[in-house]
Amino acid sequence: MSVSADKRKPVRIWVDGCFDLMHFGQSPSAKTANLLRHFNALRQAKAMGDYLVVGVHSDAEIEHHKGPTVMKEDERYAAVAACKWVDEVVPNAPYLTSLEWMDKYNCDYCVHGDDITTMADGTDCYQVVKDAGRYRECKRTQDISTTELVGRMLLMTKDHHKRRGSINSASITSVNTAEVGTFSTGGSKTKPDTKVSHFLPTSRKIVQFSEGKEPNAGDKVVYVDGTFDLFHTGHIEFLKRAKQLGDYLLVGIHDDQTVNAIKGVNYPLMNLHERVLSVLACRYVDEVVIGAPYSVSDQVLEKVYKVDVVVHGNTPSLEDTDGQDPYKLAKERNIYVEIDNPQNSVTTESIIERIITHRKLFEERQRRKEQKALLEREAEKAEKAAAAAAAQ
């Protein structure tokens, strides 16, 4: 590396958004996009510079411009902070991206997706930084969105949590899309962003999210497993505490058929690859086992890496389909450890309950977002047409 390269000023990138229901698709392509699209956007933004600063809007700010959030602001701050590509989190960032805030955090550029996001009054949130020449675009990711996840949850009722269904009749993939209503009718002029997506995973996407890190000689390998559906702060805190028990954290993620056979009804709400990418984006995770068996086996403990400790939260675990304790082998070998989780009140089920309890509120939110998305699409077309005309 040359001396001039060594002395190059680090490029600081600003990204802002709501970061509600963090999943692999969350991108800066829309402030309302969710944490898979969130995570992928943050990955792309970090690649454009050296230091990534992420502004997260408050509950009150989001309520004013687009409606209520599913996750509370402190949960959203924690979720963004746990993303391995994020260097700094700025709470209570303004919805309108300003040069003053970028300068306050010494950011050179603001990164956003290749679409338009507007304020409640229709103003382009990024017009100021565009005019200043400090705006950069990343590719909008076509995958799962917060709107879709809320739609999936709105299909559920409290009765779904009180019975176990069969894998053939209760899978989320078996739901008639006609029953999804406004949440599944995408591609129309009036509802361009509300649809049931069919996310097609690729090995390239997994490689982009995985660092390919191997444990060093003598490292203590910790194994945890689970569904990790609707990746949230309860998962994050558990993974953080599990990592503290060793040097290398290996995470087993159960496949969709296994989860549905154990939990029934519409679980999991996110498919296996959506859940894998969400877990890989967490800074505490070193590697994942895709489609790990529900019961910890010799293969898990010996064939991937030599596992030194198996960790589970201090909450009851469901029996395997054969009625056996899934951690029986780990307990027999005296490598099973239970840990407390101060965030154990935040669970996939509690998030679903938030949606169901405030169903009318979130249905209205979905309707408002559809209308806003239509206006943003029209503004985006006009901006691109103007840019094309100016280039001629």
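A polar contact is a pair of N or O atoms within 3.5 Å; within protein, one of the two must be able to donate a hydrogen and the other to accept it, and residues adjacent in sequence count only if both atoms are side-chain atoms. The model is predicted, so local features need pLDDT of at least 70 and side-chain atom pairs count only at pLDDT 80 or more, while totals for chains, interfaces and linings use all residues. Residues are numbered from 1 along each chain as its sequence is written, and side-chain values use heavy atoms, with hydrogens and water left out.

**View 1**
Arg275 is found in helix H12, residues 272-280. Helices (H or I, at least four residues) and strands (E, at least two) are DSSP runs, numbered from the N terminus. The side chain of Arg275 reaches the backbone oxygen of Met270 at 2.9 Å. Arg275 is buried, at 0% relative accessibility; buried means under 20% relative accessible area, exposed over 50%, and partly exposed in between (1.4 Å probe, protein chains only). Contact means heavy atoms within 4.5 Å.

**View 1. Helix H12 and its N-terminal cap.**
Of the 9 residues of H12, 8 are buried, and the helix is mostly covered. Among the buried residues are Leu272, Glu274, Val276 and Ser278. Asn271 caps the N-terminal end of H12, with a side-chain oxygen 3.1 Å from the backbone nitrogen of His273.

**View 2. Helix H11 and its two ends.**
Val259, Asn260 and Ile262 are buried in helix H11, residues 256-263. These residues cover an arc of only 165 degrees around the axis, which puts them on the same side of H11. The arc is that of the directions from the helix axis to the C-beta atoms. At the start of H11, a side-chain oxygen of Asp255 reaches to within 3.3 Å of the backbone nitrogen of Gln257. Gly264 follows H11 and has a positive phi, near 75 degrees.

**View 3. The open sheet that contains strand S1.**
This open sheet has 5 strands in the order S4-S3-S1-S5-S6, with parallel pairing. Strand S4 (88-91) and strand S6 (135-138) stand at the edges with a single partner strand each, so one side of each has no neighbour in the sheet. From one strand to the next, the twist averages 30 degrees. Angles run from 0 to 180 degrees between N-to-C directions, and axes are lines fitted to C-alpha atoms, for helices over the stretch in contact. Two strands pair if DSSP finds at least two bridges between them.

**View 4. Strand S5 between its partners.**
S5 spans residues 109-113 and pairs with S6 in the parallel sense over 4 bridges. The bridge partner of Val111 in S6 is Arg136, and that of His112 is Glu137. S1 and S5 also run parallel, joined by 2 bridges. Trp14 has Cys110 as its bridge partner in S5. Because 4 of its 5 residues are buried, S5 is largely enclosed by the rest of the structure.

**View 5. Asp16 in strand S1.**
Asp16 lies in strand S1, residues 12-17. Its relative accessible area is 2%, and Asp16 is buried. A polar contact of 3.1 Å links the side chains of Asp16 and Trp14. Another polar contact, of 2.5 Å, links the side chains of Asp16 and Thr97.

**View 6. The open sheet that contains strand S7.**
The strand order in this open sheet of 5 strands is S9-S8-S7-S10-S11, with parallel pairing. Strand S9 (287-290) and strand S11 (336-339) are the edge strands, and each pairs on one side only. The twist averages 30 degrees from one strand to the next. Strand S7 (residues 221-226) pairs with strand S8 (residues 248-253) in the parallel sense over 6 bridges. In S8, Leu250 is the bridge partner of Tyr223. Helix H10 (residues 233-243) packs on the sheet and touches S7, S8, strand S10 (309-313) and S11. The direction of H10 makes about 140 degrees with that of S8.

A disulfide is a pair of cysteine sulfur atoms within 2.5 Å, and the structure holds 0 disulfides. For Cys125, the nearest cysteine sulfur is that of Cys18, 9.2 Å away. Cys125 is buried, at 0% relative accessibility. For Cys138, the nearest cysteine sulfur is that of Cys110, 9.9 Å away. Cys138 is also buried, at 4% relative accessibility.
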